Amino acid sequence: MSVEERQIREITESVWSSMLGSSADAFDGSDTALDGTVLTGCVHVTGAWEGAVTICCSPLFARAAAAAMFGLEDTEPSREETRDALGELANVVGGNIKALLPGTTHLSLPTVAEGNRSDISVTDSRPMCTVWFATAGEPFMVTVLTRRNGARAPLSSGNGHALREERLP
Amino acid sequence: MNILVIDDSKAMRLIVRRTLRQAGIPDDAIQEATNGAEALKSLRQGTFDLVLSDWNMPEMSGIDLCTTLTSEGPKVPFVFVTSEGSQEMRDRARSAGAVTLITKPFNAESIRSVIDPILGR
């Protein structure tokens, strides 16, 4: 079973249009496109198919997304609001991707991690498909990961420790 | 009119609330709860015309809330608002007593097409 880039693109564009009122444009991403600290929203899929869906973006992008979702014009979203917004975007994109998967599967509550992109990974999983986008020139990427083995796959840092992963309120 | 919006995400509650306003529902007709357990207290204390509930929530999920309400007798119309819109989820929702399921993302039209018949508008 594979999730195609086209499907991820369609789902993300629809979610961005509806929830943020903005477009998710095609972007020619690379490893340097998201340097420094990033925020990663993640939902895990378990059951007949096992893996995860992540959205990785800059803190600037996450705050802009939160401002759009909370309807903030003159004030900055709080850290909690920023994480809530990114987690919900991951939840909605992940839920729609889950609908493409075979058999009975379950979606986890979203989690959000913060750190350098190279240090954030979903343990025991490998990327199946990554699609880069940009909104107002700010890049982000959506990745579908499939689990390598039967172990649980938390969002974690490269050394295996949970990286400020937080269950959202 | 009283509508209860249940979602653990504050951002999503705001989006649902905003979309309901776009669909013609006055803001003072909308109340919120952050999970099924909190919603159950509100539903046992007040009178509601419609429940719009997320599925996947901490403490008490939407499906557990719906099943509990159905088992308690006279029920308020219950609609799931969830990112997971598979046929299996729709079947589970109906089996639990829900009217239907709205898939996220949604817009005012899709919300209106579901709630108007329920609210008799």
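Which helix of chain B is the place of B:G36? Select B:G36 to begin. The model is predicted.

**Stop 1: B:G36**

B:G36 lies in helix α2 of chain B, which covers residues 36-45. This glycine is buried: 26 other C-beta atoms lie within 10 Å, and the cut-off for burial is 20 or more. Now show its contacts. Leaving out residues up to four places away in sequence, B:G36 touches B:I6, B:M57, B:E59, B:M60, B:S61, B:G62, B:D64 and B:L65. B:G36 and B:K75 stand 39 residues apart in sequence, and their C-alpha atoms are 15 Å apart in space.

**Stop 2: a cis peptide in chain B**

Go to B:K104 and B:P105. The peptide bond that joins them is cis, with omega at about 0°. For context, show the elements on either side. B:P105 sits in the loop between β5 (100-103) and α5 (108-119) of chain B.

**Stop 3: chain A as a whole**

Trace the chain along its sequence, and the pattern reads α-β-β-β-α-α-β-β-β-β-β-β-β. Chain A has 169 residues, of which 45% count as buried. Next, consider its contacts between residues at least 6 apart in sequence. Of these, 71% join residues at least 24 apart.

**Stop 4: helix α1 of chain A**

Select α1(A), residues 5-20. Start with its length. Its 16 residues, at 1.5 Å a residue, should span 22 Å, and the end C-alpha atoms are 21 Å apart, so the two values agree.

Which residues of α1(A) are buried? Pick A:I8, A:I11, A:T12, A:V15, A:W16, A:M19 and A:L20. They cover an arc of only 130° around the axis, so they lie on the same side of α1(A). An α-helix has 3.6 residues a turn, so residues three or four places apart point the same way.

Turn to the other side of α1(A). There A:R6 and A:E10 are exposed.

Within chain A, they pack against α2, α3, β7 (125-135) and β8 (138-147). They also pack against α1 of chain B. Just after the helix, stop at A:G21, where phi is positive, about 65°.

**Stop 5: two positive phi values**

Select A:D124. Its phi is near 65°, a positive value in a residue other than glycine. A:D124 is in the loop between β6 (120-122) and β7 of chain A. It is partly exposed, with 17 other C-beta atoms within 10 Å.

Move on to A:A136. Here phi is near 50°, again positive in a residue other than glycine. A:A136 is in the loop between β7 and β8 of chain A. Is A:A136 buried or exposed? It counts as exposed, because it has 9 C-beta neighbours inside 10 Å and the cut-off for exposure is 12 or fewer.

**Stop 6: where chain A meets chain B**

Show both chains again. The contact takes 24 residues from chain A and 20 residues from chain B. On the chain A side, α1 (5-20), α2 (59-70) and α3 (79-98) each supply at least two residues. α3(A) gives the most, with 11 residues. By class, the chain A side divides into 11 nonpolar, nine polar and four charged residues.

**Stop 7: α3(A) on α1(B)**

Select α3(A) together with α1(B), residues 10-22. Their axes are 7 Å apart and the packing angle is about 70°. The two helices are therefore roughly perpendicular to each other. From α3(A), show A:E81, A:D84, A:A85 and A:E88; they meet B:K10, B:A11 and B:M12 in α1(B). This contact has three nonpolar, no polar and four charged residues.

How values were computed: Residues are numbered from 1 along each chain as its sequence is written. Chains are lettered from A and ligands numbered from 1 in the order in which they are written. This is a predicted model: local features need pLDDT of at least 70, side-chain atom pairs count only at pLDDT 80 or more; totals for chains, interfaces and linings use all residues. Two residues are in contact if their C-beta atoms, placed from the backbone, lie within 7 Å. Helices (H or I, at least four residues) and strands (E, at least two) are DSSP runs, numbered from the N terminus. Ala, Val, Leu, Ile, Met, Phe, Trp, Tyr, Cys and Pro count as nonpolar, Asp, Glu, Lys and Arg as charged, and the others, Gly among them, as polar. Axes are lines fitted to C-alpha atoms, for helices over the stretch in contact, and angles run from 0 to 180 degrees between N-to-C directions. Angles under 35 degrees count as roughly parallel, over 145 as roughly antiparallel, 65 to 115 as roughly perpendicular and the rest as oblique. The expected span of a helix is 1.5 Å times one less than its number of residues. The arc is that of the directions from the helix axis to the C-beta atoms.
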